[in-house]
Amino acid sequence: MRCKNMVNVGRRQFLRGGAMAAAGAAAATVTSAPAEAGAPVPPAQLEYPSARLANIADLKVNEPLDIEYPDADSPGVLLKLGTAVEGGAGPDGDIVAFSTICPHKGFGMSYNSEDRTLNCPGHFSRFDVEAGGQEVWGHATQNVPQFTLRIDDKGDIYAEGSSDLIFGRPSNVL
Amino acid sequence: MGYKREIDRLPIPPKDAKVHNVTCHYCIVGCGYKAYTWPRGKQGTMKNNAYGIDLSEQQPAMGTWLAPSQYNVVKQNGKDVHLALVPDADCVVNNGLTSIRGGRMGENRPSDVMRTQQQRLTDPMIWRNGVWQPTSWDDALDLVARVTARIITEYGEDELLVSMFDHGGSAGGYENTWGTGKLYFQSMNIKNARIHNRPAYNSEVHATRDMGVGELNNSYSDYEVTDTIFIIGANPLETQTNLFLNHMRKGLENGARFIMVDPRRTVTVNAAEEIAGKENVLHLAIKPATDIALMNALFTYIVDKGWTDNEFIKNSTFQGGEAVPLDEAHPAGLGSLEYALNACRTSTAKAAEICGVPEADIIKAAEWIAKPKSDGSRRKCATAYEKGIIWGNDNYRANGAIVNIALATGNIGREGGGCCRLGGHQEGYYRPADHVGRPATYVDQLLISGGGKIHHIWATDHFKTTLNAAEYKEVHRRRANIVKDAMDASASGTREQQVEAIVAAVNAGGLFVVDMDIIHSQIGQDAHVILPACESNEMNLTSMNGERRLRLSERYMDPYGQSRPDCLIAAGIAQNLERVLREMGQDKYADQFKGYDWKTEEDAFMDGYHQGNPDVTYDRLRAMGNNGVQEPVVGYKGGKLVGTKRLYSDGKFDRHGRKDKKALFCAAAYRGLQAPGKAQERATHKFWINNVRANVFWQNQFLDQTNDFIQDRFPYPFIEMNPQDMADLGIKAGDLIEIHNENGATQGMAYPTDTARRGQVAMVFGSPSGSQGNVVNPGVNELILPNYKHTWGDIRKLADATPRSAHVSFKSKEYKA
Ligand code: SF4
Ligand code: FES
């Protein structure tokens, strides 16, 4: 089932912080080093926009909400899973958000609410939203980027970061 | 929770970055990539960069993108440089596609800056005082040569056992197969050799070759224009990923139908259904080991219906009955169509009974393969097979039974046709004629029974990938330890005394082991001398892919540490043998080891492949770029190498070497489970243990042993199992389980799979932490081809899911929109 509900978020608020994107001259960190080879290099995180995605009250269990983050060119999905998952936000620890641009070659993915996976029509990759976006099967060389969420007192849900590089950009914040 | 890379930006290659052509060295498909390298402390900008695109904009699907796994910092001419490995949109093989293997070439390079592939060997090592001590090449090669020279002069060359790759890509390639081949088959006459994945030195596809049909005879583009894609015992979406995604897919989109013969439903079947629609996909889920009965029924039905290509049969195939009788070297007779059909004749009803599939489906398959279209025109069919046949029941006859159908329908040498193996590694075989004979020696059994005194191992790890692995390992270790103990006992002696001690030890049942590899492998734990090899792109390497597309994959980085190309290691062994033999007063023998004064891998290429293919040079190949040229190369015109799009387009078949150039049919009568011990095993165990590959790490799993992304997904080898079978045994998802039978035991993680049939499990092959070969019996066919696929065993639970396996996703691998 495709994501149907769309929460409109203005593009403007995301643009700040974009200027330093390409300036990061430091080598990026590939933390695939074997454990015995020493501590991984700490990630050099960008400054991310904080974007309001929705309010907890807008969410229904297992009904995907379309979002855009960190900017309007980068679609994603916000989900309330109904059961707590590792890395889940909110009072029930069950709210998660992911990019829906496939990290293989950038096709748009759809949400299968039956087994709670993101599925890519490009080349048939699929990712498990209940397992931190782990690639269940596919061609991507990373799991699907998961957005960092913060929920304020009013129940407003904000995205404030991404775990992985989003397809089609050299920097998550353009 | 799924592994997070925590990387949110990457450096941008500047406009003046160096660009090298790269052919992915992991699988047979050989996808094209561009390697951009540039100095540290520099990068391009969003608008001004090596890709020539505006990176400040979100790129569209299929657009250019550098994934974190495609980036690294590597050494080039002694300096650290950035490396960006981007798939080549202009390469006709992959048109910009990556796979989960090739897309990680970047992070799989050794890097002291990024700390990747720190498992790579850097120095030659000799076993000294209970550990492997680093040493110089001169020291290590001297010891190898002294022990080897002593043994071959005193006891003969049959005492030298050799395990060596025969393929392209990865460790192989024309340079390295030539270097090793020249050493063992020209300078020496080694008989007791075996190949990386089978216990003898033989072809995996003797039958098709004996029938005159080379096994890689079409072009990938043939799948795009065919009417039917007919696949037996292969899983191309996982194991030839971009062949499926970039070529077979186009065929299905153009209206082709898809037939899959495989007891297991794979992601390939699912994807084919997604693309072509269920009504155009036929999955014949036959009972294990019954392929021959099915092929023979198809062959019979097609001939009886008159759907054969009679012109082709008359002009291009043998007419006079029997051409080659069944004998020790031929597990089936070969001859005319009538001759073969006489032996193969099987009714569709009989096949339905043997194979356990509906008769109507067999008839449907025959129609899809060969029934003329409604306008009377010929139906094109492209046939492909791989390990389900090659490592399956009765290899020779199964292979022959498939080729029979392709020949009968005139589907070889024509557009939209072909009858090919799909392949594993790329190919890159160029060696002098071998002296092995046919049937070849079953080298594993020879070693187990105490034969051989020295073992030279080239980039092969039988502990993970041979059959009867438990026994092999036990004996290999015991014999190697005899020599280790002797070396330890003489540690303070001179080199001469050490050599004496080693010779005495091998005469007392020991085995002196020399291991050439890029990493310290499992069989390498038995080595007394370890010689570090480098990989593709740390050297220039030529190989051809599954449509015989030859490319030069260029060196863009330095060999790691002191490692060297295998061809130059072979040259070093030869040069040292020459020196030592001369010292021993064996001048004539020493002369046999002349002719290795190669400085580079290009020298080895010119000495080998170029001699047989004088048009082909590095410069000319470099100019042909990532599209290369399809072998055989037939000329050089207008600054371009001229190749061959498909074999046998003139209807003349020569792979068997017959003067009449007529293809032969194979009298491939079905005889049940052929290999010794298999039927008994089936009768006494509950589960069929299928031996399968996974796209994620097949062909390069040894590089992934510490890769967080991969280990997070599959911390233990998966064993796909029917949920009801699991419940019966009290097994839950992620539990650690053991497969056992009289051959041994192996362990893995239960992966509940709805589509798995009761009583059938599928275990991933070649895992460093669960060798499937432990439970595979030693049964082979007459030509020593192993039957890895047919193993039966019982299953027990070992432990509940560990924290590592508990968080793994156990959802279906099948795409569901
Ligand atoms: S399909 Fe094979 S050759 Fe192509 S990128 Fe993947 S592993 Fe490499
Ligand atoms: S773009 Fe998603 S699988 Fe290829």
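B:Y609 is buried in this predicted model, with a relative accessible area of 2%, where buried stands for under 20%, exposed for over 50% and partly exposed for the range in between (1.4 Å probe, protein chains only). The rings of B:F605 and B:Y609 make a stacked aromatic pair, with 5.3 Å from centre to centre and 25 degrees between the planes. Rings of Phe, Tyr and Trp (its six-membered ring) pair if their centres lie within 6.5 Å, and planes under 30 degrees apart are called stacked, over 60 edge-to-face and the rest tilted. Both residues belong to one aromatic cluster together with B:Y174, B:W178, B:Y430 and B:Y618.

Over all chains, the structure holds 28 aromatic pairs. One of them joins B:Y36 and B:Y51 in an edge-to-face arrangement, 5.6 Å centre to centre with 85 degrees between the planes. This pair links distant parts of the chain, 15 residues apart: B:Y36 is in strand 2 (residues 32-39) of chain B, and B:Y51 is in the loop between strand 2 and strand 3 (71-76). Strands (E, at least two residues) and helices (H or I, at least four) are DSSP runs, numbered from the N terminus. B:Y36 is buried at a relative accessible area of 11%, and B:Y51 is buried at 16%.

Charged side chains also meet rings. A:R150 lies over the face of A:Y158, at 4.6 Å from the ring centre, while the charged end of B:K387 sits over the ring of B:W391, 5.1 Å from its centre. The criterion is NZ of Lys or CZ of Arg within 6 Å of the ring centre and within 35 degrees of the ring normal.

Turning to the ligand, the residues around ligand 1 include B:C24, B:C27, B:C31, B:R101 and B:N242, each with a heavy atom within 4 Å. The shell divides into five nonpolar, five polar and one charged residue; Cys and Tyr count as nonpolar, Arg as charged, and Gly as polar.

Between the chains, the backbone oxygen of B:K816 lies 3.2 Å from a polar atom of the side chain of A:N112. A:N112 is in strand 6 (residues 110-112) of chain A and is buried, with a relative accessible area of 7%.

Residues are numbered from 1 along each chain as its sequence is written, and chains are lettered from A and ligands numbered from 1 in the order in which they are written. Local features need pLDDT of at least 70, side-chain atom pairs count only at pLDDT 80 or more, totals for chains, interfaces and linings use all residues, and side-chain values use heavy atoms, with hydrogens and water left out.

Notes. Polar contact = N/O pair within 3.5 Å; in protein donor to acceptor, adjacent residues only side chain to side chain.
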